[in-house]
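Subject: Structure handover

Hello,

Here is the structure I promised to pass on to you. Please open it alongside this email, and then read on for what turned up.

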Amino acid sequence: MVAAGSIGVLLVAGEGIGQTEQQSEQERVEQAFVELSQQISTATTNNDVTHGSNLEAGEHGAIAHHDSATYEIWAENNSGTTTPIANGTIGTIEYDADDGTRLAYEGGAVFRETGTQTRILSTPPINYDHRTNTLSFPVVELTENKTIDSGDIAIEQASAHANSMNYIKDDHVFIEIESEYCLGWEQHFTSEAGDTSLQQGCYGAANDDGALKVRLGYEDIDNAFSRGVALSDESNYDAHQSGGEFDDIGSEQFKPLDGIISEMKADFRENESHIDTGDWSEITAGTYFAAEGSLDAADELTFSLEDGDAVLVLDDDISGYDITVDACGPDGSNQAKIYATGDIDVGNNEFTQTCGDDESNLQLYGTSEMGVDFGNGYVEGLLYAASDKTPGEDGFDGWQVNSNNDEEYQIHIQGSPEFDGSIIAHSISERSNFNDVNEQPMNSSEIEVIPPGYEPAPQLTYLNIAEYEIDVKND
């Protein structure tokens, strides 16, 4: 699908306007643009009524022109094969003030640009909801080139066309927008458009065209632990004032394991061996369940894995004991995996393996609500606690493992711990320095995050993409 030519509108401030009068005019234009955006949005959902508004276009009125911005949406599988979904142009209604400030309506958004700073005055109705796996992307086009004077205007829907593609199965969905207001779009997609991942910023070494590329949804779980630390966003790293210890940090949003751990807990409780008081001295190859409180008296969990891997589902916190993995088979590759429903409080304990230099011998998995406090302990292994939670939203209070933690961060470093391995999480607060840290990206092909039999259903991305032709004229 190729969208028809879009229309942009240029508003020019009159010459010789005094500073106070100019400021007043800018405020009127801002208010008029926000109202215009709201009225156009209403017109896309109601084609039976002509909607009215008042356009502050300055002395010279509004001048319409084409092709102010472009967009493209496509799907791409893990092999790099692409499937086109939609592409076209987006128009702009623009006001240039004498002081260099720009106000612009574009694609449902209203941006204010001053120098290199861009602020969103009104967000566009473009977003991705990971809870329903739905992309909403309405494209607004204007009917024709015309001059629009200041004053009352009429806004009417001329036509509407829904995209014929309703969903994409398994593939990632990408969006690219090229615009003079690229920085405003980047701000929207990185902070307000839902679960999207920035693939290419507006400007960089290989990109000077103001082109933004984002990907919807989660990273491919097969690429887990391919870098030292993966956070939902690099800005979620609150580094120590003397300089952060983590160097290999990337913005990568992986799928939370809440549903999978819940399913495993119900299954293991009914069908697997239970670890009760005194059974933790030597855990051999196999599958196990530990109920809440059953490990309270433990001082060490020891996994002896000569004969294969061990999987433990723990319906509790990991706290108060050491974890040791030894005798990992002839080639040292056998693994102990713990899937916990609670938090991790390392304290002064040690989570280690004695099988060599492979940190994947010990793997710790948690839900999106798992908080982690490294304390003064030592952790050698992989930690997967992917989360898309936001403290204060949807009844979630935050990740407060103990009273010293800031609940806005998922992983807390407030003692002098040591760490060797790889981390996937939402955020890290580093209030003190590590004694030692060694980030270890892993060969992802050796890591199986989700055990066989618990793989999630195929990912469907639902597409709600439509183009609306809107007529805006003086009334």
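Let me start with one cysteine: C328 is buried, because its relative accessible area is 3%, under the 20% cut-off. Please keep in mind that this is a predicted model.

Which residue is C328 joined to? A disulfide joins C328 to C355, with 1.8 Å from S to S. The two cysteines sit in distant parts of the chain, 27 residues apart. C328 lies in the loop between strand 26 (322-326) and strand 27 (336-340), while C355 lies in the loop between strand 29 (350-353) and strand 30 (362-365). C355 has a relative accessibility of 22%, so this residue counts as partly exposed. The torsion about the S-S bond of C328 and C355 is about 65°, which means that the disulfide is right-handed.

How many disulfides does a search of the whole structure find? The search finds two, and the other pair is C182 and C202, whose sulfur atoms are 2.0 Å apart.

As for the overall pattern, if you number the bonded cysteines of the chain in sequence order, the pairing reads 1-2, 3-4.

Enjoy looking around!

Best wishes

Notes. Residues are numbered from 1 along each chain as its sequence is written. This is a predicted model: local features need pLDDT of at least 70, side-chain atom pairs count only at pLDDT 80 or more; totals for chains, interfaces and linings use all residues. Side-chain values use heavy atoms; hydrogens and water are left out. A disulfide is a pair of cysteine sulfur atoms within 2.5 Å. Helices (H or I, at least four residues) and strands (E, at least two) are DSSP runs, numbered from the N terminus. Buried means under 20% relative accessible area, exposed over 50%, partly exposed in between (1.4 Å probe, protein chains only).
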